[in-house]
Amino acid sequence: MHIKKQRLLTPGPTPLYPPALHAMMASDVHHRTQDFVKIQNQALASLKEVLGTSNDVFILVSSGSGGLDASASNFLSMGDKVIVCTAGKFGERWVEIAKAYSLNAVVLKAEYGDVVTPDRVEAALAENPDAKAVFVQASETSTGAMHDVKSMAAAVKKTDALFIVDAITGIGTMPLDIDGWGIDVCIGGSQKSFMIPPGLAFVTVSPKAWKANESASIPRFYFDLKKEKKMIEKGEGSSWTPNTSHIIALNAALDYIKQLGMPKLVENAELLAKATRAAAAALGLELFAKTSPGNSVTAIKAPAGMDSGVIVKGFKTHFGAIIANGQGSMKGQIFRMAHLGYFDFADMFAVIAALELILQANGHKVELGAGVAAVQRVYAEVAMPQTVNA
Ligand SMILES: *Cc1c(COP(=O)(O)O)cnc(C)c1O
């Protein structure tokens, strides 16, 4: 058809919250003025509120991976033993970071689509009482799997090790009780559930992590959180030039998230994920992460004999929409449909309708509407119960 609206259906960047996008235009402000420091302090306070933590929170000018980098370099020393859980491409990033900083990594690996179970973390901690930290992804975006962060936290809390969680797609898609469970360092990114463009990373730091920071000797310069803390406390904002436009946008998005309430944002993702899984089943498609499917993104196996790239291309060609292919060896095998942040049910109706058409055009037998009906049933059950009973 002739008009195709561009739609971002990837697990980062995600669709933008329009008022946040508009707010960015007011960014001709100087970062050393009290006006801007006020804006930044507001963002920090709102972040604490939506994350439900009293720990320090930092906003870094980087993509999410800068937050991961800072989380290793600020709390550890070269040669330290660490336990690294890896169940996908982002877990592999933790392994690479550990290697780059000469950490002595005990790697707990799960196959793509699977998860590292909390009992493995507990056993590894028992075998390695000298471990200084445990690294994991809350949500492994490359496979669509979700880790049991709560149980892992309970195991780590009993030890001297820090629990460092890449929650870049976990925030806003699953419950995360940073203070209650004991997540020492929790990392987020602006282009995921926060509904604004890429460019900011968020890092929370617990008192236990600050203690570790005192003796952590990995060389660091730009991402020095202690220095950042001093600047904030002095009322000077940040050591460097902050990403003013993004912080202004962030405030608009955080106002929206506060108004919704974090549990509602999480529930939104949970319901959209549930609907997507129901649609996949109705269309005879198999989930990639079967043991513990998460809510940020649903990874689905392409039908036998079909390259998932055909589906990705179909979305782009016919609907101007961008969905994610598999990464690394999963490329061509799976496709990933996101539902974190600013997604709603009307998006899902359209996405699944498009998927049905693309599958049909490429030889997969589908009953048009079967997947959409599955999504509709999830919506009706939750939001229009009378209609269901009528
Ligand atoms: C998006 C994402 C990241 C960060 O990637 P950047 O490209 O650096 O923003 C890290 N971990 C997970 C689980 C992610 O989904």
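1. Cavities, overall. A search of the whole predicted model finds two cavities of 30 Å³ or more. A cavity here is a set of points, on a 1 Å grid over the protein atoms alone, where a 1.4 Å probe fits but cannot get out. Grid points are joined across faces, edges and corners, and a volume is the space filled by probe spheres set on the points. The model is predicted, and local features need pLDDT of at least 70, side-chain atom pairs count only at pLDDT 80 or more, while totals for chains, interfaces and linings use all residues. Residues are numbered from 1 along each chain as its sequence is written, and side-chain values use heavy atoms, with hydrogens and water left out.

2. The largest cavity. Its volume is about 110 Å³. There are 14 residues that line this cavity, and the closest to its centre are I59, L60, E228, S238 and W240. A lining residue has an atom within 4 Å of a point of the cavity. Two elements give two or more residues to this lining: β2 (56-61) and α9 (225-233). The most comes from β2, with three residues. Helices (H or I, at least four residues) and strands (E, at least two) are DSSP runs, numbered from the N terminus. By type, the lining of the largest cavity divides into nine nonpolar, three polar and two charged residues. In this count Ala, Val, Leu, Ile, Met, Phe, Trp, Tyr, Cys and Pro are nonpolar, Asp, Glu, Lys and Arg are charged, and the others, Gly among them, are polar.

3. The second largest cavity. About 30 Å³ of space lies in the second largest cavity. Its lining is made by G144, R277, L287, A289, P293, V297, T298 and A299. Strand β11 (residues 297-301) gives the most to this lining, with three residues. The lining of the second largest cavity holds five nonpolar residues, two polar and one charged.

4. T298, a lining residue of the second largest cavity. T298 lies in strand β11. T298 counts as buried because its relative accessibility is 4%; buried means under 20% relative accessible area, exposed over 50%, and partly exposed in between (1.4 Å probe, protein chains only). The side chains of T298 and H339 are joined by a polar contact of 2.7 Å. A polar contact is a pair of N or O atoms within 3.5 Å; within protein, one must be able to donate a hydrogen and the other to accept it, and residues adjacent in sequence count only if both atoms are side-chain atoms.

5. The ligand. What surrounds the ligand? The shell has 13 residues, and the closest are S63, S65, T141, D166 and K192. A residue is near a molecule if one of its heavy atoms lies within 4 Å of it. Taken alone the ligand exposes 390 Å², and the protein buries 88% of that. Accessible areas come from the Shrake-Rupley method with a 1.4 Å probe; for residues, only the protein chains shown count as cover. The elements that give two or more residues to the shell are α3 (64-73) and α4 (89-100). The shell divides into two nonpolar, eight polar and three charged residues.

6. Backbone points to check. Most residues other than glycine have a negative phi, and most peptide bonds are trans. A cis peptide bond joins G12 and P13, with omega about -5°. P13 is in the loop between β1 (7-8) and α1 (18-23). S102, in the loop between α4 and β4 (104-109), has a positive phi, near 55°. S102 is partly exposed, with a relative accessible area of 40%. M195 also has a positive phi, near 65°, and its place is in the loop between β9 (185-189) and β10 (200-205). Is M195 buried or exposed? M195 counts as buried, because its relative accessibility is 1%.

7. Two loop residues. A161 is in the loop between α6 (149-157) and β8 (162-166) and counts as buried at 1% relative accessibility. D148 lies in the loop between β7 (145-146) and α6 and counts as partly exposed at 35% relative accessibility. D148 and A289 are 141 residues apart in sequence, and their C-alpha atoms are 14 Å apart in space.

Technical notes:
1 Å grid on protein atoms, 1.4 Å probe; cavity = no way out; pocket = protein on both sides within 12 Å on 5 of 7 lines; lining within 4 Å.
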